[in-house]
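Please read it beside the coordinates.

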Amino acid sequence: MALPTAFFAVFFAYPVVSIVGRGLHQGGHWQLGRIGDVLGDGAIRHVLWFTCWQAAASTALTLAVALPGAYVFARLDFPGKRLLRAVVTVPFVLPTVVVGSAFLALLGRGGFTDSLWGLRLDTSVWAILVAHVFFNYAVVIRTVGGLWAQLDPRQEEAARMLGASRLAAWRRVTLPALGPSLAAAGLMVFLFTFTSFGVIQILGGPTYSTLEVEIYRQTAELLDLPTAAVLTLVQLAAVAAVLAVHGWTVRRREATLRLVDAGTTAHRPRGRGERALLGGVLAVIAVLILLPLGVLVARSLDVPGGYGFDFYRALGNADGGTFTVAPLQTVWNSLRYAAVATVIALLIGGLAAAAVVRRAGRLVRGFDALLMLPLGTSAVTVGFGFLITLDKPPLDLRSSWILVPLAQALVGVPFVVRVMLPVLRAVDDRLREAAAVLGASPLRVWREVELPLVARAVAIAAGFAFAVSLGEFGATVFIARPDTPTLPVAVARLLGRAGEVNYGQAMALSTILMLVCAVSLLVLENLRTADARPGEL
């Protein structure tokens, strides 16, 4: 646990505490009175309310829409399954401003249309909720579906043989087993939507704002660092409360499970019910995922006078203003950064998950919660924090390329931990003990007992970490060097310039980002399939 603790202390706690302290300490005095002033502002309270409301609504919608998809990808076998699983993860890496623009074109921004939970919603709010489901659909598919595929189906079949209906068997046998992974997926979706920035900024307009958007506005537009610091503290407190509830819930539902090889549980759709479910899930993916992605591709080909590849060809040239290198060079930059960030995230996250599983106590539970804080912390805060703290020996990293992968790994580690924890907790301790009694060393126990059981979870975690790193924008935009920008940073720069050509190039670069993500995840899928062991584990 020492290495993960040191990593988070140096690259998360130190920068965040420093930037918040600088914001509250002005003119040689602590501006603690600003806390009451900010919290007493009615406009800020409305922002806090809308932040919590839209995060809860987005999480509930995502779980409801994606849970049938998790079953389909876990239990059913159909042509193109691996390709489709890679495609549904593509939204995860797209810059939020690009997706916000696509959904604005699809759904628009207009008058009042409906109500939810007692709140009247206009079209822009529905667009925000749907865009959040679009982004986070893959979180449920990969987190819940990853564990679901390894659950022994014979347990549910035994319940049905004893007279339980299909629904009763699922509710009493499968659903409790999926509880930890459902909680992990719900937590990640909530934290992502709680800190939503680009989607809210594009689709919410001047009417709707989240804490993340308000922190950016106070920092970058109004230069009001004390208010931004107070809002950051409020955001951290809210996230800590959510993590405490999540930890309490998971502890009540922890259980040892019988895990099998995921390749042995999938089958061709049987009967009308499963065929209808497969068709429904494919229809949802077509409308929710493929349609917005198709809009981006169409815009990248929509050149003056018709359709063509003019915007793609223009990406091969540096303009000397916005870019000192050709925008296409950002593909290699992003792949290199994401690969290094994935290795760091797997190392830190894997060690952290193993420590949480093998130890007990409040300290370990607190450490588990700490691992999730980067997802609930403003990327603006982290990016500024890196700039003002990692600038002196022995941590003078501002001119080093490693700074970008470190920032990306901070976001990747929580995904690695949340994906691996349910599987590690499900491994029967008696397997480890039996291997140790037979003389196996701890390393051999890990290699021959635990690794085969968690190999699928490691591959899923690697895919998540790589995708998140590939698309990370909030912190990277502050610390990426001008001569080595990443794909999302390059897209944002192009969108920030006026003109149809720049907009078309941004759409073209976004399409390339989609393809790079899909191909990379397909490679991971193939590696996982090649390494899978036949039979029961």
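The points below take the basis of the model, then a helix contact, then the pocket and cavities.

1. This is a predicted model, in which local features need pLDDT of at least 70 and side-chain atom pairs count only at pLDDT 80 or more, while totals for chains, interfaces and linings use all residues. Numbering starts from 1 along each chain as its sequence is written, and side-chain values use heavy atoms, with hydrogens and water left out.

2. Helix 18 (residues 429-437) and helix 19 (residues 442-471) pack at about 160°, with axes 10 Å apart. Helices here are DSSP runs of H or I with at least four residues, numbered from the N terminus. Axes are lines fitted to C-alpha atoms over the stretch in contact, and angles run from 0 to 180 degrees between N-to-C directions. The two helices are therefore roughly antiparallel (the term covers angles over 145 degrees).

3. Helix 18 supplies Leu431, Arg432, Ala435 and Ala436 to this contact, and helix 19 supplies Val445, Val449, Glu450 and Leu453 (contact means heavy atoms within 4.5 Å). Six of the contact residues are nonpolar, none polar and two charged. In this scheme Ala, Val, Leu, Ile, Met, Phe, Trp, Tyr, Cys and Pro are nonpolar, Asp, Glu, Lys and Arg are charged, and the others, Gly among them, are polar.

4. The largest pocket holds about 980 Å³ of space. A pocket is an open set of points on a 1 Å grid over the protein atoms alone, with protein on both sides within 12 Å along at least five of seven lines; a cavity is a set where a 1.4 Å probe fits but cannot get out; lining residues have an atom within 4 Å of a point. A volume is the space filled by probe spheres set on the points, which are joined across faces, edges and corners.

5. Of the 42 residues lining the largest pocket, Thr96, Phe197, Ala379, Phe473 and Gly474 lie nearest its centre. The lining divides into 27 nonpolar, 13 polar and two charged residues. Helix 9 (residues 198-203) gives the most to it, with four residues.

6. There are seven cavities of 30 Å³ or more. The largest has about 110 Å³ of space, and its lining includes Ile19, Ile215, Leu225 and Phe384. Helix 11 gives the most to that lining, with four residues. Eight of the lining residues are nonpolar, four polar and none charged.

7. The second largest cavity has a volume of about 70 Å³. Among its lining residues are Arg142, Arg418 and Arg456; the lining as a whole has six nonpolar, three polar and three charged residues.

Conventions
Parallel < 35°, antiparallel > 145°, perpendicular 65-115°, else oblique.
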